[in-house]
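Open the model in your viewer and keep the selection tool at hand.

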There are 2 protein chains.
Amino acid sequence: MEPDHGPGRFAAASAVTPTGDGTFAGTVQPGWDIGGHANGGYLLTIATRALLAATGRPDPVSVSGYFLSPGQAGPVTVATRVVKQGRRFTTASALLEAEGRPVLSVLGTFGDLGATAAGDSLLVDGGPPDLPPPDECVLIHATDTFPPPFMGQVELRIHPDDLGFATGPRRGPARIRGWFQLRDGEPTDTVALLCALDAFPPAVFNADVPTGWVPTVELTAHVRARPAPGPVRCVFTTRYVTAGFLEEDAEIWDGEGTLVAQSRQLALVPRA
Amino acid sequence: MEPDHGPGRFAAASAVTPTGDGTFAGTVQPGWDIGGHANGGYLLTIATRALLAATGRPDPVSVSGYFLSPGQAGPVTVATRVVKQGRRFTTASALLEAEGRPVLSVLGTFGDLGATAAGDSLLVDGGPPDLPPPDECVLIHATDTFPPPFMGQVELRIHPDDLGFATGPRRGPARIRGWFQLRDGEPTDTVALLCALDAFPPAVFNADVPTGWVPTVELTAHVRARPAPGPVRCVFTTRYVTAGFLEEDAEIWDGEGTLVAQSRQLALVPRA
């Protein structure tokens, strides 16, 4: 029998407690921030834990988060509402608030991805990103300054060719490839995938594009399958920085070569 | 002075009337369907008209629609709720119902894309789809059977190389390229772009993939800019049909070569 270590760091940081009437209490943990603002993907996982509890479904299938104001460490409430309960999926909305201030509005569909038959891949026009093994990639060590504290809460190992954002020059494609896993061997569940989809530095930081911080307007994640144990391969790409906006597309593949999640986010590009 | 022809066909079909308390009445017009089910993008435009009225903003910036049940011709109500009114954007939700049955749940952010400075393209890693001029593409004439009635409500002109879905063989890439415009010279506004993003046959129909109809679970549209007058160029691509799901990505470019909208949708692939 394995000793009970209690919930992992991520499970604890994203946990919620029901407080009645579809409302849940959670805590934005200190240290899960980028320059004082809680990481968006992390906020999305708190809301998603509440939505899974409210719908009684084990997995997020599609989750759309609209970011309304920065999240800071401290208590939050998540008010959920079931929009439609179907046979296979339940659709529900959530509003995450801090001290009465709306932080994140979410709409999503939830189901059971364990019920999916494995192996029925009818079209796979792509593949996992080309990545050296984890120990040949560069583990991001968080400091109080750069990279941000959030990146120390999870294990990000970045392709040595994709470090222009940190070491310069920023003249590559707007792409970041890397391995994601939770710390201390905590398994990556489908909620943790939502965290992974927003965990890396913005891909645009590797390109010769004059941007400062790029606040997310909206992020939609699609989860295709539960990942096999072990680190997952992630790739983030930005193709268009136009009219004050950029999109960032992400794909996550598990160690068995299965596409487990995709996302696209729309972010603002403040005028330089 | 130009004579007043009244609203165009699309504006009329997507129109809503306020009925108080943030609720609107609209009508799913007959003929805007695919095999008896109203086109999803068209339903999204009805909800979006209500959300623009509720927020007082002229343009959708990001709109996420979750499709709950098929829409049929007839009256619908759209109940809107403003989630957060900001300086630049307003975020709001909507529930479109028919006879008390939830059809479409929407969350979106709305703003003024006319206030965007033109020309500030910092990164454009792509371009408009390669398309012959409209009169060298194939105009889809709707019939009562195939293609579906919806496709006669708008003008779709498809690349001659991308007609495998109709003429066979279905052995090409899962891609469809074509021109979109509204009928009778009605201008394509940013709401019409949402219609265009779901107006073409599914891209997967051009590939050697055994699929029947592919109901949309979720579609998120990002509008970057108001299109210049004239038809817009559209491209739809599916890369992954796995685990019972597929994604379809779309891009729309206007006649001046500006990226005006992107979308991704998640759809179900019923077991063959």
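Buried means under 20% relative accessible area, exposed over 50%, and partly exposed in between, with a 1.4 Å probe and protein chains only. A243(B) sits in the loop between β15 (240–242) and β16 (245–253) of chain B. Helices (H or I, at least four residues) and strands (E, at least two) are DSSP runs, numbered from the N terminus. Check the backbone too: A243(B) is not a glycine, yet has a positive phi of about 55 degrees.

This is a predicted model, in which local features need pLDDT of at least 70, side-chain atom pairs count only at pLDDT 80 or more, and totals for chains, interfaces and linings use all residues. Residues are numbered from 1 along each chain as its sequence is written, chains are lettered from A and ligands numbered from 1 in the order in which they are written, and side-chain values use heavy atoms, with hydrogens and water left out.

**The two chains**

Now show both chains. A rotation of 180 degrees, with 0.0 Å of shift along its axis, superposes chain B on chain A (RMSD 0.0 Å). The two copies are thus related as by a two-fold rotation axis. The superposition is by least squares on the C-alpha atoms of residues with pLDDT of at least 70 in both. Of the interface residues of chain B, 100% are also interface residues in chain A, so the copies meet through the same surface.

**Across the interface**

Select R224(A), in the loop between β13 (216–223) and β14 (232–237) of chain A. R224(A) counts as buried, at 1% relative accessibility. Its side chain makes a polar contact of 2.8 Å with the side chain of E247(B). A polar contact is a pair of N or O atoms within 3.5 Å; within protein, one must be able to donate a hydrogen and the other to accept it, and residues adjacent in sequence count only if both atoms are side-chain atoms. A polar atom of the R224(A) side chain also lies 3.3 Å from the backbone oxygen of Y240(B).

Next, pick T109(A), in strand β8 (residues 101–111) of chain A. T109(A) is buried, at 3% relative accessible area. Its side chain makes a polar contact of 2.9 Å with that of T91(A). Beyond residues up to four places away in sequence, T109(A) touches several others, including Y66(B) and V217(B). Contact here means heavy atoms within 4.5 Å.

**A buried asparagine**

Go to N39(A), in the loop between β4 (37–38) and α2 (40–55) of chain A. With a relative accessible area of 4%, N39(A) is buried. Where does the side chain of N39(A) reach? Another is the backbone oxygen of D198(A), at 3.0 Å.

Select G168(A) and P169(A): a cis peptide bond joins them, with omega about -10 degrees. P169(A) lies in the loop between α3 (164–167) and β12 (175–182) of chain A. In chain B, a cis peptide bond joins G168(B) and P169(B), again with omega about -10 degrees.

Finish at D184(A), in the loop between β12 and α4 (190–196) of chain A. D184(A) is not a glycine, but its phi is positive, about 60 degrees. At 65% relative accessibility, D184(A) counts as exposed.
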